[in-house]
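Open the model in your viewer and follow the stops below. Each stop says what to select and what is there.

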Number of protein chains: 2
Amino acid sequence: MSVIALSGGVGGAKLALGLSAQLSSEELAIIANTGDDGFHSGLLVCPDIDTLIYTLSGQSHSEQGWGLQNESWSVFDQLEKMGGETWFRLGDKDLATHLFRAERLQQGQSLTHVTAALCKAHGIPPNIYPMCNEPLQTKLKIEGGRVLDFHEYFVKEQCKPKVKQIQFVGEPSLSNEIVALIERHDRLIMCPSNPFLSIDPILQVSGLQSKIVNEIPKRLVVSPIINGQAVKGPTAKLMQELALPVTNESVAKKYQTLATHIIIDQQDKQDRASLEAMGLKVLVTNTLMKTLDDKKQLAEDALNFLDRT
Amino acid sequence: MSVIALSGGVGGAKLALGLSAQLSSEELAIIANTGDDGFHSGLLVCPDIDTLIYTLSGQSHSEQGWGLQNESWSVFDQLEKMGGETWFRLGDKDLATHLFRAERLQQGQSLTHVTAALCKAHGIPPNIYPMCNEPLQTKLKIEGGRVLDFHEYFVKEQCKPKVKQIQFVGEPSLSNEIVALIERHDRLIMCPSNPFLSIDPILQVSGLQSKIVNEIPKRLVVSPIINGQAVKGPTAKLMQELALPVTNESVAKKYQTLATHIIIDQQDKQDRASLEAMGLKVLVTNTLMKTLDDKKQLAEDALNFLDRT
């Protein structure tokens, strides 16, 4: 069995870590959302790729949900004194990642290539792939009509504005590496990331969704909703603003053409029937990943579920 | 009296500091060499502009000759651990300058504009100007035929290769700001920087030299040579490799069409006659700038010399 995981940042990275404990690096490929990539202080920052790398290499700041443990802030403290733009603060160690990336991108290497090098530089197998090499920008039209860049919404405004519409700007195409991955793997797992801000951007890559449906027969979504709430982040708030019930059913509808399997939390076991009625295979288990064991267990449950159904 | 100073890094910055103590910021404009600018870790680094800013704001590392006092190295220590490219090490505080610049350049601001903002960010008047807004690259053809970028020669190879030829790549044009400066000031001082690697690149800017000659009647060069040696840096070694005697006469010949006045060190007073024979007005004084007082004194000597001759 070999698995492609689609992942955003924090929540997705937790399951990706669990999967990486259960599968060899040949059996697992992780496609990361790059729809929230953006330039800060002139450097391309890829938050989801970096959260995956830091999580899988055991360096992530687990309480904070982003960045590195034991980080220092010499550069941005100085930039702040200089009156520079510092609402998107980058730690010193984290900056080394962005400089490493910037140097190689400037030499003309693809983001896919550079990401593999970054994995190795952080001591993990190079099986994290950006969804594409071209830019795709996630933008949020908010109440009042303003359109925010992802990080203006997510970091600067702390997800407070009411979102009326999510827009994607860019026309990313399938990279050769992603084509080869899809042809080489026989399972898909959509990690419990934000369906609208983390997984949807991946599905904007031209031809990716149809290629997956054609090539990969078993396609599982792990619902990010537990008891009408998201574990972390703006998923539930966003669903309300988009006038969607905060339910597993809404998640299932969102992935209607893509998912064949769904995992929901045991707190939501009453949803099983309606999800099965939508044609999905359903597993009810613990989806809240607090400890490393939780992550491994959910990964194991997901792999067994895909194996036997 | 108002003065334009042409300056490279360390040696030039010393006299620029002296001049800034003698003149108001309206009376002094410093045009910095950008021919050794280059990208490191994806960020544009402007060594001569930055040395000038750090020197004039009292932050420069005086023993080292580049960079900042009390610097820390968190980012590059991490980049080194990651196996990144680290032969051109950038300190944490210094990086804040490069990020400040990168952010604004990416927004489409000109280097002239960003440099003014950087001066203010470091607490000094915005009277340091890049010689142009476009890139000009200084390259060195060395023995054996290889062509090195400036920093490969200067930092990576520590000026050890024998230089056969200096090449300039790029076609920089006069910026509106430099045109206005030349029209507004009535004295020119070429600081004791390397004539070949620091001042020559400035003179590559199309139309700059003839504009200066037409608009500014008194044009002084402060010789960087003392008793057949350069105070710091590869000037003397380079002159030997280019088959030029390491003398004030060679410096004078280099600036033959540009300079009307020259200052040489008291150790070289015997050179006065031959320099006067070349049509130059000559001042013999102390040109070695060890202390702040030395810098102020040389600046005062230069200003008086231009005033009275």
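Start with chain A and its open sheet of seven strands, paired in parallel in the order 5-2-1-9-10-13-14. Strands are DSSP runs of E with at least two residues, helices are runs of H or I with at least four, and both are numbered from the N terminus. Two strands pair if DSSP finds at least two bridges between them. This is a predicted model: local features need pLDDT of at least 70, side-chain atom pairs count only at pLDDT 80 or more, and totals for chains, interfaces and linings use all residues. Residues are numbered from 1 along each chain as its sequence is written, while chains are lettered from A and ligands numbered from 1 in the order in which they are written.

Axes are lines fitted to C-alpha atoms, for helices over the stretch in contact, and angles run from 0 to 180 degrees between N-to-C directions.

**Strands 9 and 10, chain A.** Select 187-190 and 218-222. Four bridges pair these strands of chain A in the parallel sense. Arg187(A) has Lys218(A) as its bridge partner.

**Core.** Which residues touch the most other members of the largest nonpolar core? Select Leu220(A), Met190(B) and Leu220(B); the core has 156 residues. Such a core is a set of buried Ala, Val, Leu, Ile, Met, Phe, Trp, Tyr and Cys residues joined through C-beta atoms within 7 Å. Buried means that 20 or more other C-beta atoms lie within 10 Å of the residue's own, with C-beta atoms placed from the backbone. Select the side of chain B that touches chain A. Here 25 residues of chain B are in contact with 25 residues of chain A; contact means C-beta atoms, placed from the backbone, within 7 Å. Helix 4 (92-106) of chain B gives two or more residues, as does helix 3 (74-81) of chain B. Helix 4 of chain B supplies the largest share, ten residues.

**Symmetry.** Superpose chain B on chain A: a rotation of 180 degrees with 0.0 Å of shift along its axis does it (RMSD 0.0 Å). That is the relation of a two-fold axis.

**Helix 1, chain B.** Finish on residues 10-22. This helix lies across strand 1, strand 2 and strand 10 of chain B, at about 160 degrees to strand 1 of chain B.

How values were computed
Copies are superposed by least squares on the C-alpha atoms of residues with pLDDT of at least 70 in both. A residue is buried if 20 or more other C-beta atoms lie within 10 Å of its own, exposed if 12 or fewer, and partly exposed in between; C-beta atoms are placed from the backbone. Two residues are in contact if their C-beta atoms, placed from the backbone, lie within 7 Å.
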